[in-house]
Amino acid sequence: MLKILVCVSGGGTNLQAIIDGIAGGTITNTEIMAVISNNPGAFALERAKKAGIEGICISPKDFSDRAAFNEAFLKKVDELAPDLIVLAGFLVNIPKEMVEHYPNRIINIHPSLIPSFCGTGYYGLKVHEAALARGVKVSGATVHFVDAGTDTGPIIMQKAVEVMPGDTPKELQKRIMEQAEWVILPAAIDAIANGRL
Ligand code: GRF
């Protein structure tokens, strides 16, 4: 049984896709042991509660500096001792010590076809604004392993999504979430849980 820790910051629709995938059987051999959010108001924590999953809030705002937060975050994660850490819209930089503790055991979902529109400053709607500004006809989502960089680790899965004429950033974001993110993140977890990766 793959024990996964899901880290969130916002609405939690990717967390919901994982919860639904496990309930529906498209993700097997997997258990969500806990959800960690840096944002106490994240609706993702409501989703966890409704699913009977432990929700933990560790916010950088509660610590004197980033080093103190990083230490507390890593201590909590090590206590949980997950097999896999899933970053599902987690807007906090992962401490390098955590990457070292969990080599190739942290995955992230990014809402573009990496290496396009990724790296520092590319998160949330900003990713889609940049794709539309560039005029790409195809965008999509990427699941990748997390390394010491930002969106730079080995790519696991990608799924392309058509950009429609007149798309707004929000419309493109919604289509990429529905058609790509909520498909490849559960699929990547199932592949890892069943030794196919
Ligand atoms: C998603 O678009 C994801 O790709 C990005 O942040 C957003 C999180 O959405 N990293 P949600 O919290 O899973 O709804």
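This is a predicted model: local features need pLDDT of at least 70, side-chain atom pairs count only at pLDDT 80 or more; totals for chains, interfaces and linings use all residues.
Biologist: Where is Ala23 found?

Modeller: Ala23 is part of helix H1.

Biologist: Why is Ala23 called exposed?

Modeller: The relative accessibility of Ala23 is 70%. Exposed means over 50%, so Ala23 counts as exposed.

Biologist: How far apart are Ala23 and Ala44 in sequence and in space?

Modeller: They are 21 residues apart in sequence, and their C-alpha atoms are 17 Å apart in space.

Biologist: How do you know that the length of H1 agrees with its number of residues?

Modeller: Helix H1 has twelve residues, 13-24, and at 1.5 Å a residue they should span 16 Å. The C-alpha atoms at its ends are 16 Å apart, so the two values agree.

Biologist: Which residues of H1 are buried, and what do they pack against?

Modeller: The buried residues are Asn14, Leu15, Gln16, Ala17, Ile18, Ile19 and Gly21. Their packing partners include strand S1 (2-8), strand S2 (30-37), helix H2 (43-50) and helix H6 (169-193). Strands S4 (84-87) and S5 (106-110) are also among them.

Biologist: What follows H1?

Modeller: Gly25 follows H1, and its phi is positive, near 90 degrees. Further on, the loop between H1 and S2 holds Asn29. Asn29 is not a glycine, yet its phi is positive too, at about 55 degrees.

Biologist: What makes Asn29 partly exposed?

Modeller: Its relative accessible area is 34%. Buried requires under 20% and exposed over 50%, so Asn29, at 34%, is partly exposed.

Biologist: Where does Ala81 lie, and why does Ala81 count as partly exposed?

Modeller: Ala81 lies in the loop between helix H3 (66-80) and S4. Its relative accessibility is 40%, which falls between the 20% and 50% limits, so Ala81 counts as partly exposed. Ala81 also has a positive phi, near 55 degrees, in a residue other than glycine.

Biologist: Which residues of H2 are buried?

Modeller: Ala44, Leu45, Arg47 and Ala48 are the buried residues of H2.

Biologist: How do you know on which side of H2 they lie?

Modeller: Around the axis they cover an arc of only 155 degrees, so they are on the same side of H2. The exposed residues Lys49 and Lys50 are carried on the face turned away from that buried side. The buried residues of H2 pack against S1, H1, S2 and strand S3 (55-57). After H2 comes Gly52, with a positive phi near 75 degrees.

Biologist: Why is Leu45 called buried?

Modeller: The relative accessible area of Leu45 is 15%. The limit for buried is under 20%, so Leu45 is buried.

Biologist: Which residues is Leu45 in contact with, leaving aside neighbours within four places in sequence?

Modeller: Leu45 is in contact with Val35, Ser37, Asn39, Pro40, Gly55 and Ile56. As for Leu91, Leu45 is 46 residues from it in sequence and 15 Å from it in space, C-alpha to C-alpha.

Biologist: Where is Ser139, and what makes Ser139 buried?

Modeller: Ser139 is in strand S6 (residues 138-145). Its relative accessibility is 3%, and buried means under 20%, so Ser139 counts as buried. Beyond its neighbours within four places in sequence, Ser139 is in contact with residues including Pro111, Leu113, Ala131, Val161 and Ile176.

Biologist: Why does Pro165 count as exposed?

Modeller: Pro165 has a relative accessibility of 82%. Exposed means over 50%, so Pro165 counts as exposed. Pro165 lies in the loop between strand S7 (155-162) and H6.

Conventions
Residues are numbered from 1 along each chain as its sequence is written. Side-chain values use heavy atoms; hydrogens and water are left out. Helices (H or I, at least four residues) and strands (E, at least two) are DSSP runs, numbered from the N terminus. The expected span of a helix is 1.5 Å times one less than its number of residues. Buried means under 20% relative accessible area, exposed over 50%, partly exposed in between (1.4 Å probe, protein chains only). Contact means heavy atoms within 4.5 Å. The arc is that of the directions from the helix axis to the C-beta atoms.
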